[in-house]
Amino acid sequence: MTRAITLHEVSKYYPKQPSPAVDRFSLDIAPGEFLVLLGPSGCGKSTVLRMIAGLEDITTGELLLDGEYSNDLAPGDRRMAMVFQNFALYPSMTSRENIGFPLRFEMPGEEHGPRVDETARILGIEEILDRYPGQLSGGERQRVAMGRAISRHPSVFLMDEPLSNLDAKLRAHLRAEIARLTHGMGVTTVYVTHDQAEAMSLGDRVAIMRSGVLQQISSPREAYHLPENVFVAAFVGTPRINLLQATVIAPLTGGMWIDFGRQRLGLPEPLNYDHQMLRIQQGRRIIVGLRSEAVRIAQPSQAHAGEVVLSGIVEHVEYQGHESLVHLNTGSRPAVVPELEAPRPTSAARNGSRRGGSGVGLGKLAQKAARRIQASVMERDSSSSASSDGLPPKPQQAPVSVMDRPSTPETQTGDLVVRTGPDIRVRRGDRVPLLVDLAHLYVFDQEGQRICPAPAQQPRLE
Ligand SMILES: Nc1ncnc2c1ncn2[C@@H]1O[C@H](COP(=O)(O)OP(=O)(O)OP(=O)(O)O)[C@@H](O)[C@H]1O
């Protein structure tokens, strides 16, 4: 049995907390779906999961299970099984006893040996059934914890960062195993992680959260290719999308450009619909998003249709084996999303600056600037917090604060990362020609909302 889960305008206020941990969160999860809740630490993912499990009260809003109002249903009556990151096994019980433990209550008086054996076979852990948790590796312990969830034949799996205590190799292996298992069983699964790679590889859909508010719910593919705002664009994808401050130049007659300060991108004529829509941004500051694969190092003569020319100075080459990431200085001003971790290290920091600890100074400067921006976001939020109906303000795609990186010589380096083949022969200081594929150009307004590709015009990817 599997089930549908609906959250309708669900909010959670913890006592003594000024702002909600979860703010009017709405989501429909289909029976058998694998949904990933993704977002940075503290954005409210676990709180959503715990409200679905019944471990946390819902302050306002509704939880529906298969269409039935279920806010007050006792956790034990929800037929849900949870798997946590810390395995939570009983140390004095063998794996067999740990897996069989919940069945004592779910199948009282029944022989549950066959159910435990079946679970062990599915997970490939028959050999460790008679061992205690202290005699198991981390990966084996997590398999037993999953076995304990599976053996109950739940209608929903709720997984809270179940792999985060494991090393990278094991994580990748168990990730594939979880996907195989849950899809094979057809059980609705809600999986919490802050690891975007994990979310992208596991989820049928990904719900991306920021500060308690849902930012986007879509397939992983759509989250990557059509981020609704700059926060989603920056959170999803490795290496992080290049975000550059720019201005639209659109004289009434003549061409149209995106001006990065020292260089301009000319938009080819006739302008397509998306580029025409940029005309209304004339003179305004925008944020340009370019993924590392949207730019290539090549001569202008090699440009394909839709590619336009820039240039950059090589700052650093990151060899990755199967590819290289070339960090370039195009003379642009990067935009930083303060909620996400620190901006990319500057070349000065990376190269071990000899200029009297400027890396540390810069870190402090960036932190200061981030605090300033966050403060201004708080101001903006609090000024809009009064509402005539006395209810908290309706959550929206809140402005995604973006800031210029502080303007020091160090910060003007490495503003663009380009993905290339591993054998690229460029050296630090080389000026290289770049071709930008305009089909992969994103433009966000100063509030951080995507305006190009224009949201209404874009066909859905599915
Ligand atoms: N019991 C509690 N009392 C007060 N505040 C809480 C409580 N539990 C969580 N919070 C706060 O609610 C917010 C959301 O927490 P939550 O654990 O849901 O975030 P998360 O996205 O799961 O974070 P992480 O990835 O770090 O686990 C945080 O600001 C957290 O400090």
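Q: How many residues of domain 1 are in contact with domain 2?
A: This is a predicted model. Twelve residues of domain 1 contact nine residues of domain 2. The protein is divided into domain 1 (5-228) and domain 2 (232-381 + 400-452).

Q: Which elements give two or more residues to the side of domain 1 that touches domain 2?
A: They are α6 (196-202), β9 (205-210), β10 (213-218) and α7 (220-225). Helix α6 gives the most, three residues. By class, this side of domain 1 has seven nonpolar, three polar and two charged residues.

Q: Which residues have the most contacts inside the largest nonpolar core?
A: The general idea comes first. In soluble globular proteins, nonpolar side chains tend to be buried together. Here the largest nonpolar core has 95 residues, and those with the most contacts inside it are Leu37, Leu158, Val288, Val436 and Leu441. Helix α8 (residues 230-235) provides the largest share of this core, six residues.

Q: Where does this core lie relative to domain 1 and domain 2?
A: Both domain 1 (5-228) and domain 2 (232-381 + 400-452) give residues to this core, so it lies between them.

Q: Which residues does Val288 touch, not counting those up to four places away in sequence?
A: Val288 touches Leu244, Ala246, Ile258, Leu441, Tyr442 and Val443, with residues up to four places away in sequence left out.

Q: Now the ligand. Which residues surround the ligand?
A: Around the ligand are Tyr14, Gln17, Ala21, Gly39, Ser41, Gly42, Cys43, Gly44, Lys45, Ser46, Thr47 and His194. By class, the shell has three nonpolar, eight polar and one charged residue.

Q: How many residues of helix α1 are buried?
A: Helix α1 (residues 45-53) has seven of its nine residues buried, so count it as mostly covered. Buried here are Lys45, Ser46, Thr47, Val48, Leu49, Met51 and Ile52. Lys45, Ser46 and Thr47 are also among the residues around the ligand. After α1 comes Gly54, with a positive phi near 90°.

Q: What span does helix α4 reach from its first C-alpha to its last?
A: Compare the span with what 1.5 Å a residue would give. Helix α4 (residues 138-150) has 13 residues and reaches 18 Å, close to the 18 Å expected. Ten of its 13 residues are buried, and α4 is mostly covered. Among the buried residues are Arg141, Arg143 and Arg148.

Q: Which elements do the buried residues of α4 pack against?
A: They pack against β6 (80-83), α2 (95-106), α3 (113-123), β7 (156-160) and α5 (168-185).

Q: Now the backbone. Which peptide bond has Pro239 in it, and what is its omega?
A: Most residues other than glycine have a negative phi, and most peptide bonds are trans. Thr238 and Pro239 are joined by a cis peptide bond, with omega about -5°. Pro239 sits in the loop between α8 and β11 (242-249). The bond from Glu269 to Pro270 is cis too, with omega near -5°. Pro270 is in the loop between β13 (264-267) and α9 (273-277).

Q: What is the phi of Lys16?
A: Lys16 is not a glycine, yet its phi is positive, about 65°. Lys16 lies in the loop between β1 (5-12) and β2 (22-29). Lys16 has 5 C-beta neighbours inside 10 Å, so it counts as exposed.

Q: Is Glu161 exposed, partly exposed or buried?
A: Glu161 has 19 other C-beta atoms within 10 Å, so it is partly exposed. Its phi is positive, near 45°. Glu161 is placed in the loop between β7 and α5.

Key:
Residues numbered from 1 in each chain as written. Predicted model: local features only at pLDDT ≥ 70, side-chain atom pairs only at ≥ 80, totals over all residues. Domains from an automatic or database assignment. Contact = placed C-beta atoms within 7 Å. Helix = DSSP H or I, 4+ residues; strand = E, 2+ residues; numbered from the N terminus. Nonpolar A, V, L, I, M, F, W, Y, C, P; charged D, E, K, R; others polar. Buried ≥ 20, exposed ≤ 12 C-beta atoms within 10 Å, placed from the backbone. Near = placed C-beta within 6 Å. Expected span 1.5 Å × (residues − 1). Core = buried A, V, L, I, M, F, W, Y, C linked by C-beta atoms within 7 Å.
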